[in-house]
Amino acid sequence: MSNKTIFYSVILIALIATGCKEKPKAEEAVAQKPNILFLFTDDQRAGTIEAMHKYGVKTPNMDKLVENGTSFTNSYILGATTAAVCSPSRAMLMTGRHYFNIEPNVYAQFAFPKEEKGKSDLLTFPEYFKANGYETFATGKQHNGKIWLERGFNQIKSAFLGGMTTHFGTKVKDYTPETGWSATYQDKEKFSSEVFADAAVGFLDSYKEKDPFLMYVAFTAPHDPRTAPQEFHDMYPTEDMTVPENFMPEHPFEIADDRIRDEVLAPFPRTEAIIQKEISDYYAMITATDAQIGRVLKALKASGQAENTIIVFAGDNGLALGQHGLLGKQNVYEHSVGVPLIFCGPNIPKNQKTDALAYLHDVFPTLCGLTGLEIPKSIQTEDLTPVIKGEKKEVRNSMLYAYNSWPGDLLNKNRKHNPGGGHRAVRKGDYKLIVSAKHEVFTYQLFNVKEDSWELNNLIDDEKFKTIKDDLMSELQILIDETGDPAELDKNEFGLFDDIEAYNFKKKKINDQ
């Protein structure tokens, strides 16, 4: 045997030995990478979990998440530029970007145009985790178009493609890259949350892969029509419902979209009896969905993966239901921008509540932080991991909220409300300033939200708070500039509705930066 042959033989033996030695470590590393289960509800406002002690909703399974994880008690959405608040909210969640910097289509539904299928600055978190070795699965409400789904998920079961629907007979579709989209089908006997829980449980029961999984389970409840199974309505007799402290027959002044679809679901002026019925039905929907979340959590435990799974629970926006004389979510009051946000899982403190300011779209970078992945450059929001781990008290000290009618609505002759108007608000410390613009009128509200969580005591005309108001106005302008918000606070309706072409040009310029 030549020296050359001996040399290569030694190298080959060494490589085989090394490979055998390292393979178990590689498999162990894959096994230790945490799974992700994202549970998402539709129109569930902050505080509607019994463990949060604000509203009388029965939520035993959500309570377990609070007990087993870290909850953010000041968690919010940034806002919306369309009455269908769900769409921009979900687009921000998926991309970790502020909605000002995600291009909507002409009707303000935040969906990828086909020509932007490969655009890097619209990276979604399912797509990113899929590229990093995760098996990705989705079920439930998908309000941002098919392309987001096709890019992000290996498996989709019982997906509802739209904004709202009936809860019995929800029309759904399936998808895999190999088979494409299935024909639409429906189960008229099952409540929507049960249909989506069935899909999630089925995935967990059959999952045998070594790769970690990411599950995105998006319920359509408690969005109206609020038609839960009767047993859940029976749990909330209408006459027993407590009307909120900030109940009003009508909103005290004209605001944007105050006659939108959500607002005309009940007549004006509101009565306590009408609001009691709305609350009763809303709570029934939440409790019915909580029961289905319990099924998913039980299946996760049975799979043996519970200890190695990060669970995120959140809602896509809040809802007024009689507060401030409103029913919907087209405003920036606490009841409409506040959402539940809970993280559970390995190395996440249990039964902890933090008052750190958080956005829903912090979820993308936070999942990166919790799993050790690099945060993509496209992200515009914050990683909450240091707060969760107790390394920092907060990752921001102020927060912007924004809402305005979409200028494209001015072109839509079928709209039944008077378009125009908007809100900008800033929260810093205990105080929150809201600027509302409608036609040629500006209205200012200043609340101490720590002492006045119902936002009833407007301090704006009290000279003792002038310095606070001035500071908040300055902070509001800073946040508008930082986020790419095209609003101009010194112009009627923030300058968003005077010239649609100029508005779109301004938006394009910001997005191109």
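Trainee: How many bridges join β2 to β11?

Mentor: The model is predicted, so local features need pLDDT of at least 70 and side-chain atom pairs pLDDT 80 or more, while totals for chains, interfaces and linings use all residues. Residues are numbered from 1 along each chain as its sequence is written, and side-chain values use heavy atoms, without hydrogens and water. Strands are DSSP runs of E with at least two residues, helices are runs of H or I with at least four, and both are numbered from the N terminus; two strands pair if DSSP finds at least two bridges between them. β2 and β11 run parallel, and the number of bridges that join them is six.

Trainee: Which residue of β10 is the bridge partner of G69?

Mentor: β2 is joined to β10 as well, by three bridges, and these two strands run antiparallel. The bridge partner of G69 in β10 is C344.

Trainee: Is strand β2 largely enclosed or largely open?

Mentor: A residue is buried under 20% relative accessible area, exposed over 50% and partly exposed in between (1.4 Å probe, protein chains only). In β2, residues 69-76, seven of the eight residues are buried, so the strand is largely enclosed by the rest of the structure.

Trainee: Is F494 buried or exposed?

Mentor: F494 lies in the loop between α12 (466-483) and α13 (500-512). F494 has a positive phi of about 60° although it is not a glycine. With 0% relative accessibility, F494 counts as buried.

Trainee: Is N347 buried or exposed?

Mentor: N347 is not a glycine either, yet it has a positive phi of about 65°. Its place is the loop between β10 (341-344) and β11 (352-359). At 71% relative accessibility, N347 counts as exposed.

Trainee: What is the form of the peptide bond from D224 to P225?

Mentor: P225 lies in the loop between β8 and α7. Omega is near 0° for the bond from D224 to P225, and the form of that bond is cis.

Trainee: Which residues lie nearest the centre of the largest cavity?

Mentor: A cavity is a set of points on a 1 Å grid over the protein atoms alone where a 1.4 Å probe fits but cannot get out, and lining residues have an atom within 4 Å of a point. The volume, the space filled by probe spheres set on the points, is about 90 Å³ for the largest cavity. Of its 13 lining residues, those nearest the centre are M94, Q142, N144, W148 and L149.

Methods. On a 1 Å grid over the protein atoms alone, a cavity is a set of points where a 1.4 Å probe fits but cannot get out, and a pocket is an open set with protein on both sides within 12 Å along at least five of seven lines; lining residues have an atom within 4 Å of a point.
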